[in-house]
Amino acid sequence: MEKVCKTCSKNFEIRKEDLIFYEQIKVLPPNHCPDCRMERRLAFRNERTLYKRACDLCKKDGVSLYANGTPFPVYCHGCWWSDGWDPITYAMEWDKSKPFFEQFRELKNKIPRISLLVIDSINSDYTNNAEDNKNCYLLFAAGNNEDCMYGRLVQRCKGSMDCDFLYDSELCYECMDTRKSFKCMYGERLQECIEVLFSFDMRNCQNCLFCINGRNLNYCIENKQCTKEEFERKKVEILSTYENIEKAKEKYSALRSSALVKYASATKCNKAIGDYMYNCHEGVRIFDSFSTKNCSYIADADDVLDSQDCNNIYTKAERCYNVMGSLTCSNNISTIYPMYCNDVHYSDSCYNCISCFGCVGLNKKNYFILNKEYSKEKYLELQKEIISQMKQDNLYGEFFPPALSPFGYNETLAQEYFPLTKEQALEKGFNWQDRTTGTYSKETITESNMPETIIEVTDDISKEILVCIECKKNFRITKAELDFYKRMNIPLPHKDFECRHQERMSKRNPRKLWHRSCMCELKKHTHGVKKCENEFETSYSPDRLEIVYCETCYQQEIY
Ligand SMILES: [Zn+2]
Ligand SMILES: [Zn+2]
Ligand SMILES: [Zn+2]
Ligand SMILES: [Zn+2]
């Protein structure tokens with residue numbers, strides 16, 4: 001079935017499988033294309049824009065996802081989870097003469113929100129969507145790390161800095177999509193590597209520089225064997241000055257853009273279309289996901305079954321639709337941050353709830369609508385009434401309207417994956433945050449006086465205010481950060497952490513797919529004299545320089 005997206009006016013397809021799914025969970029087919037649906041969910045997730053804001057209950061200073069001046073109060077972790085307030089006191093009576101979203105918005109704007117989403121962490125104040133971290137700083141969507149700074153999606157790592165999508169690694173710097181690696185820098189898609197620098201798609205390699213698609217290499221520069229001395233000399237030379245690092249980045253970038261790549265980053269996957277997938281089975285438009293089965297239009301998912309249109313959904317989720325940010329959930333529809341919930345619809349930040357509709361901030365509740373308790377019979381009757389009203393308005397199943405997000409578009413993950421200008425965002429109905437964090441023109445060291453080498457930097461640098469060469473925002477170097485640069489012998493960055501993150505993310509493939517065919521013309525392959533004719537959906541757009549191969553051809557070239 002073809003439809004026209006209500007947001008971007010592009011045609012999109014609703015698959016047979018999708019229709020069956022919508023029927024099973026009794027929602028209407030979507031009015032928006034998959035990209036616009038994902039964008040809307042992402043606009044409800046602020047991971048990394050943090051503000052200094054005091055708790056509205058205990059008045060203690062703290063850090064918050066919400067700038068001052070929100071319609072709702074913001075409580076610190078301790079207060080939010082205390083008996084000092086009760087979400088039920090805000091209960092509202094369902095009024096069938098008014099639209100549901102209007103009433104939900106009224107409720108939502110009264111209920112206190114938690115300042116940051118952090119669980120069981122030690123000395124890690126500036127982290128969010130994070131758990132079990134120790135001595136970490138500005139780390140997001142991250143868990144079980146120690147001494148890590150400035151990263152997104154960092155799991156079970158130690159002493160690493162400025163890395164995104166880093167897993168089970170130690171002492172890594174400026175790496176992405178890297179696993180089980182040690183002391184690697186400026187690398188992407190490294191697996192079980194040690195001291196690999198400025199390299200792409202490497203597995204089980206050591207002491208490599210400017211290498212691409214390497215397997216089991218040791219002491220190589222530009223994929224050619226070198227001596228230990230040559231490698232060490234070159235490495236020291238590059239890391240010695242900021243300028244040399246910038247040149248090395250350019251050289252790496254040129255090498256990388258001509259790399260041989262597999263159409264998608266997919267390992268142990270079967271009938272799964274998307275990118276950055278591991279152990280995913282049956283589904284389309286799957287991104288950054290692990291262990292999914294029969295899931296489509298999802299991203300940042302782990303251990304999820306029979307679900308569609310979900311983001312940041314983890315640890316055993318089943319039959320969820322339009323969910324943003326959840327742990328261990330089943331049968332949830334259009335809900336934000338449901339944790340351990342079953343059968344919760346159109347709700348926000350609920351924990352351990354069963355059968356709730358339009359609720360905010362509840363814990364351990366059954367049969368609640370707009371935070372008001374009902375008998376099971378009454379609950380089912382009212383729920384039916386609300387759903388039929390929403391169906392009449394052709395809204396049931398759809399995610400919350402963009403204006404209901406507590407964040408500006410530019411504070412959220414939506415800006416990261418679907419960047420918009422303020423005008424474009426407002427036109428699409430999203431909010432925008434004009435209040436930016438940080439300062440400008442307060443630098444005590446100017447751009448041109450930034451140290452070029454690490455040797456000339458003393459501990460006093462942590463007292464100085466620096467300026468980002470990209471966005472001109474001020475930034476500082478923390479003591480722990482300086483210790484890292486000294487230990488690894490690398491010069492100070494000349495960009496603030498946000499611009500560093502954006503520079504890394506710009507190298508990652510977008511969450512978009514193009515239909516292309518394999519570029520392989522190698523006669524030795526099974527396709528023989530003819531060019532390989534295998535077709536696929538790939539996140540490499542046709543104008544990119546990489547040589548894109550199908551699974552079979554890639555496997556024959558790179559083991
Ligand atoms: Zn659209
Ligand atoms: Zn408090
Ligand atoms: Zn091929
Ligand atoms: Zn081939």
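Predicted model: local features only at pLDDT ≥ 70, side-chain atom pairs only at ≥ 80, totals over all residues.
Local features need pLDDT of at least 70 and side-chain atom pairs count only at pLDDT 80 or more, while totals for chains, interfaces and linings use all residues. Residues are numbered from 1 along each chain as its sequence is written, chains are lettered from A and ligands numbered from 1 in the order in which they are written, and side-chain values use heavy atoms, with hydrogens and water left out.

**View 1. The zinc ion (ligand 1) and its four cysteine donors.** Cys5 (SG), Cys8 (SG), Cys33 (SG) and Cys36 (SG) coordinate the ion at 2.2 to 2.3 Å, donors being N, O and S atoms within 2.8 Å of the metal (3.2 Å for Na, K and Ca), with water not among the atoms, so sites may look incomplete. Because the 4 donor atoms subtend angles of 103 to 116 degrees, the arrangement is tetrahedral (four donors with all angles between 85 and 135 degrees). Along the chain these donors follow the spacing C-x2-C-x24-C-x2-C.

**View 2. The zinc ion (ligand 3) and the bridging residue Cys553.** The protein donors here are Cys518 (SG), Cys532 (SG), Cys550 (SG) and Cys553 (SG), which lie 2.3 to 2.4 Å from the ion. Angles of 102 to 116 degrees between the 4 donor atoms make this arrangement tetrahedral, and the donor spacing reads C-x13-C-x17-C-x2-C. Cys553 bridges this ion and the zinc ion (ligand 4), the two lying 4.2 Å apart. Both Cys532 and Cys550 are buried, that is, under 20% relative accessible area, where exposed is over 50% and partly exposed lies in between (1.4 Å probe, protein chains only).

**View 3. The zinc ion (ligand 4), with cysteine and histidine donors.** Cys520 is buried, with a relative accessible area of 0%, and Cys553 is buried with a value of 1%.

**View 4. The buried residues of helix α4 (residues 100-108).** Phe100, Phe101, Gln103, Phe104, Leu107 and Lys108 are the buried residues of this helix, helices being DSSP runs (H or I, at least four residues) and strands likewise (E, at least two), numbered from the N terminus. Seen down the axis of α4, the buried residues fall within an arc of 160 degrees, so they line one face of the helix; the arc is that of the directions from the helix axis to the C-beta atoms. Among the elements covering these residues are β24 (333-339) and α7 (376-392).

Methods. Tetrahedral: all angles 85-135°; square planar, octahedral: opposite > 155°, others 65-115°. Contact = heavy atoms within 4.5 Å.
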